[in-house]
Amino acid sequence: MNPSPNFNLWLIPVLPLIGSAINGLVGKRFPRRLVATIALAFPGAAFAYALWVVSQFASLAQAQIPHIERLFPWIEANGFRVDYGFYLDQLSVTMLLVVTGIGFLIHIYAVGYMAEEGGYYRFFSYLNLFMFFMLTLILAHSYLLMFVGWEGVGLASYLLIGFFFLKQSAAQAGKKAFITNRVGDFGFLIGMFLLIKHFGTLDYDKVFSAVAQLPVETSVGFLTATALLMMFGAAGKSAQIPLYVWLPDAMEGPTPVSALIHAATMVTAGVYMVARSNALFLHAPIALRVVAIIGALTAIFAASIGLVQNDIKRVLAYSTVSQLGYMFMALGVAAFSAGIFHLVTHAFFKALLFLAAGSVIHGLGGEQDMRHMGGLRKLIPWTFWTMTVATFAIAGFPPLSGFFSKDEILWKAFSDRTHGSWVFWLIGWITAGMTSFYMFRLWFMTFFGERRAPVHEEHEPAGGAHLPSSARADHGHQSGVQSAHGHGDHGHGGGVHESPWIMLGPLVVLAIGAALVGFLGVPEALGGSNRFDQFMAPVFHSSSEPARSAENFAATEPQKSENPEEEKSLELELAAASVAIALSGFGLAYFFYVRRPELPDRIANNVRGVYRTLLNKYWVDEAYYATVINPIVDGSRSVLWRGIDVGVIDAIVNGVGTTSKGLSGVTRRMQSGSIRSYAGWVAIGAACVVGFMIWMGLRI
Amino acid sequence: MIPLSWYLILGAILFAIGVASFLVKRNIITIFMSIELMLNAVNLTFVAFAAQWHQVSGQVFVFFVMVVAAAEAAVGLAIILAVFRSRETLNVDQVNLLKL
């Protein structure tokens, strides 16, 4: 590497860690205001520092990218060596800004949202801890360090999902998330072992240049196996089929957590990892195809579940799974920069959606069931308007951000000669329609029509104890001090209130972002120059023509059509088709939930089987229980516990105990406590010694 | 000159008397005295050997033993006093609290 400036990149992850440590270790004694100050100051500083780093990064020469900072050797064993170091290129810079920027906004929001909750210091300690691990993940310069962050965010996610740990469902959801992630991590781990076995290193630069020397695998070989195992890990972290089940349950956590971890940042770690390993995946076309198929299936599968869910956060959760599927589909058709672009725009509008949903829930005193909402447009106007921006963005209305990123993916899926296919486009297109429908369903049900009071309203002043526990998810209290919002004057009837400014501020900023970030990547067909794609090009050697150079690892043939004009008009037609389906989703939702609100129930009754299948999420959870979880639990109980633990391990330990007890029962008789008997023993012993010596003397 | 064996026999007799009374007697003070007797029986053999072989180390050992015996006497008597104060007896058969 040529000499390049030292940015002290390690500071970025370490700042939130300091905040986490302070709040976690001594925050209990601090007043809330101080806890909040610490919790905001350190991620804020990390954000500011990240901005500075990015400004410096911009002035680096092309040859100095990727910029690598090695701090110290971490593991050295028999030729294998891993440094503790950081890696900065266009991809990690993008992720860095997303994580610190959106993370910081969500921290601000959380200060307002959690104001009434118990365990305040604990919450912010976890939140900062999450930032530390996530930043480690994206800045790491080797797979191993990435894995540290990878596991760390899993831990933080577990802690935060189970934040209301007194509630059974929250504790269960935390465990589910952690264990499901572990299953995926196993794949990642094996993938890393394979890399070590073949390349002897886990550093990105070395692995990628080693991969570049290898030919593209046409059949299943070592690269394909590694890539597939990596993808399995990514599927766990990014909630793809078959490991997506944890994400919807993760909504048990407080809403800012859902926004930060389970929508905007952590779940994109898998996308980041696959994009980071693009060299590997491009040399394993079969694995790449699998990525695309998994992504497409997940996208449409989750979207179909999202159509009928009634819990506002669950709709968003399935929408997240579906959008992540989109990103994987983009990666799978080798449109890496399109996938990352969607990751960025999605981070904005999905964080915004969750935070706005949190604001709705907050305003309604913990109500999460959309059937009990409605007519909130006038009551909480700020929330309404920001949510509107986000809804239109995710549904793909031009010129909001979601339109550009989603369209980019669809276009690449359709047009990429090697990796794309019209099938992917079709699935993506249908999913876009479904997305539009369920998002506008949510929007109409929440903000329009009449307010549908909860059935239990007459009981509400008594403390709301009759509400189903799921509806209380966010305000279930640890300390038993019920929040004023949850149960006091706000809890019923017209007491809907707008959230405080500390919550609305981030909403507004995110709304501006959700509306505008799309302009970073306006495609050429629409008169833009797709600056994002060009920016990313050096990282993803094949996905953009200008970056093509002699030594790049491109597995694909150049995609320039012989007829650029024709291609451009095709792209425009496809864009028009996406807008059309987004509009029809809007229209359908309007028809069903505003014009004829009684229709959905009738239809649901008519196609009862389908409806119930969707509502129950295809019974996937039940199937997992029947095929995986229950056998393991039963096997553990009967074989491992009753058989091995009780029968073998406990038996050995108890046997040792019983034996020595029996022996000492005999020998303790010597310890009579009487001095004269001791004296006798001493005399006998001395006599024995003397006798022995005499005997020895005689023998000689 | 008295032969060495006489000293050794006397030492052995004294030691045997010490052991016997140590085992037989019940009074702590008597037991304590029999310990002193055993020590001095050993001392006697030490000095006898030292005189026989014209070596000073046996006599040095005796000094050590005497010093230790003096210290032991001080501590031992203090313990005996304390035991007597709390138990009002010097009979070792009644001082058996360590029994299970």
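The dialogue below asks how some labels for this predicted model are reached.

Tutor: This is a predicted model, in which local features need pLDDT of at least 70, side-chain atom pairs count only at pLDDT 80 or more, and totals for chains, interfaces and linings use all residues. Residues are numbered from 1 along each chain as its sequence is written, while chains are lettered from A and ligands numbered from 1 in the order in which they are written.

Student: Why is A:Leu331 called buried?

Tutor: A residue is buried if 20 or more other C-beta atoms, placed from the backbone, lie within 10 Å of its own, exposed if 12 or fewer, and partly exposed in between. A:Leu331 has 33 other C-beta atoms within 10 Å, so A:Leu331 is buried. A:Leu331 is found in helix H14 (residues 312–332) of chain A.

Student: What makes a stretch a helix or a strand?

Tutor: Both are DSSP runs, numbered from the N terminus: helices are H or I with at least four residues, strands are E with at least two. Chain B has 3 helices and 0 strands, in the order α-α-α from the N terminus on.

Student: Which residues are in contact with A:Leu331, leaving aside its neighbours within four places in sequence?

Tutor: Two residues are in contact if their C-beta atoms, placed from the backbone, lie within 7 Å. For A:Leu331 the partners include A:Val271, A:Val274 and A:Phe336. Between the chains, 10 residues of chain A are in contact with 11 residues of chain B. The chain A side divides into 3 nonpolar, 5 polar and 2 charged residues, where Ala, Val, Leu, Ile, Met, Phe, Trp, Tyr, Cys and Pro count as nonpolar, Asp, Glu, Lys and Arg as charged, and the others, Gly among them, as polar.

Student: Why does A:Lys617 count as buried, and why does A:Trp619 count as exposed?

Tutor: A:Lys617 has 21 C-beta neighbours inside 10 Å, and therefore counts as buried. A:Trp619 has 12 C-beta neighbours inside 10 Å, and therefore counts as exposed. A:Lys617 lies in the loop between helix H24 (608–615) and helix H25 (620–667) of chain A, and the loop between H24 and H25 also holds A:Trp619. Phi is positive in A:Lys617, near 55°, and in A:Trp619, about 55°.

Student: How do you know that strands E1 and E2 of chain A pair?

Tutor: Two strands pair if DSSP finds at least two bridges between them. Here 9 bridges join E1 (residues 67–77) to E2 (residues 80–88), and the two run antiparallel. A:Phe72 stands opposite A:Tyr84 in E2(A). The hairpin has 2 residues between the strands, and A:Asn78 takes a positive phi near 50°.

Student: What span is expected of helix H15 of chain A?

Tutor: The expected span is 1.5 Å times one less than the number of residues. H15 (residues 336–363) has 28 residues and reaches 40 Å from its first C-alpha to its last, close to the 40 Å expected. H15(A) does bend, by about 30° at A:His346, the bend being the angle between axes fitted to the seven residues ending there and the seven starting there. In H15(A), 28 of 28 residues are buried.

Student: How does the radius of gyration of chain B stand against that of a compact globule?

Tutor: The radius is taken over C-alpha atoms, and the globule rule is 2.2 Å times the number of residues to the power 0.38. For 100 residues a compact globule would have a radius near 13 Å, but chain B has 17 Å. The C-alpha trace of chain B spans about 50 × 25 × 25 Å along its principal axes.
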